[in-house]
Amino acid sequence: MEPTTAPTKPQFSPAAQAEIKRLLTHYPEERSKSALLPILHIAQAEFGGWVSPEVQDLVAETLGIKPIEVYEVSSFYTQYNLNPVGKHVLEICRTGPCMLRGSDELTEHLERITGAKIGGTSPDGTFTLKEVECLAACGFAPIVQVREKYYEQLDTPEAVDAMLNELRSLVHRPILPWEETGLPNSLKNY
């Protein structure tokens, strides 16, 4: 029988710890919970694009709050991924204006071309498809958000294919503000 080792508890990189420390200076000490949303963003970026229960526990420990307080927030907002995701998460607006301009057809095309279904990831691990509420760009519908970038007027197969080709050509995801000196080890191949 081979010895088993306990799984390693997740830890923030030194660069992320410095960014968290900087963020916390914006809030009174007794209101550190107010930094929960940006710290969840840091955690999601640090740990492969999603926040596992163990990572959420780390966030709770960092802020000195109960884990349930983190779980309530992370499960409420669609911007936090609670399961592993692909290299690129395509957030497809599903509200009225986008639907009128073809978001249903866009979704069908994305499912067909990527091999992913809504809520799932493509077989090659490149794309995760996710429906979201209004992205506040109704005049440019239908729209997809990937990280901080909006892809607008995706009402033709050519426009969708151009977006996917651009995303496939990215070697790494964009550098986050606290990573100016380089990517943390956990993100080097993300």
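The model discussed here is predicted.

Me: How many helices and strands are there in the protein, and what pattern do they follow along the sequence?
Reply: The protein has seven helices and four strands. Taken in sequence order, they give the pattern α-α-α-α-β-α-α-β-β-β-α.

Me: Which strand order does the open sheet have?
Reply: The edge strands are strand 2 and strand 4 (149-151), each pairing on one side only. Neighbouring strands are turned by 30° against each other on average, direction ignored. The pairing is mixed, and the order of the four strands is 2-1-3-4.

Me: Do strand 1 and strand 2 run parallel or antiparallel?
Reply: Strands of a sheet pair through backbone hydrogen bonds, in either of two directions. Strand 1 (residues 88-93) is joined to strand 2 by six bridges. In one of these pairings, C93 has V132 of strand 2 as its bridge partner. The two strands run parallel.

Me: Is T128 buried or exposed?
Reply: T128 has its place in strand 2 (residues 127-132). Leaving out residues up to four places away in sequence, T128 touches V85, G86, H88, V89, L90, G120 and T121. Its relative accessibility is 7%, and the cut-off for burial is under 20%, so T128 is buried.

Me: What is the relative accessible area of T107?
Reply: T107 is found in helix 6 (residues 103-114). Beyond residues up to four places away in sequence, T107 touches I92, I118 and E131. T107 is buried because its relative accessible area, which has to be under 20% for that label, is 9%.

Me: Which residues touch the most other members of the largest nonpolar core?
Reply: In soluble globular proteins, nonpolar side chains tend to be buried together. The largest nonpolar core here has 21 residues, and those touching the most other members are F12, I39, L40 and V59. Helix 1, helix 2, helix 3 and helix 4 each supply at least two residues of this core. Another core, of 15 residues, lies apart from it and includes L110, F127, V146 and Y151, so the residues asked for, in the largest core, are F12, I39, L40 and V59.

Me: Which residues is L40 in contact with, leaving aside its neighbours within four places in sequence?
Reply: L40 is one of the residues that touch the most other members of the largest nonpolar core. V59, named with L40 in that core, is also among its contacts. The list is V51, V59, V70, V73, S74 and Y80.

Me: What covers the buried residues of helix 3?
Reply: Helix 3 (residues 53-63) has V55, Q56, L58, V59, A60 and L63 as its buried residues. After the helix comes G64, whose phi is positive, near 70°. The cover over the buried residues includes helix 1 (14-24), helix 2 (36-46) and helix 4 (67-76).

Me: What share of the residues of the protein count as buried?
Reply: The accessible surface of the protein comes to about 10,900 Å², with 55% of it belonging to carbon and sulfur atoms. Of the 190 residues, the share that count as buried is 44%.

Notes:
Residues numbered from 1 in each chain as written. Predicted model: local features only at pLDDT ≥ 70, side-chain atom pairs only at ≥ 80, totals over all residues. Heavy atoms only, no water. Buried < 20%, exposed > 50% of the residue type's maximum accessible area, 1.4 Å probe, protein only. Contact = heavy atoms within 4.5 Å. Core = buried A, V, L, I, M, F, W, Y, C linked by side-chain atoms within 4.5 Å. Pairing = 2+ DSSP bridges. Axes fitted to C-alpha atoms, helices over the stretch in contact; angles between N-to-C directions. Areas by Shrake-Rupley, 256 points an atom, 1.4 Å probe, with all protein chains shown as cover.
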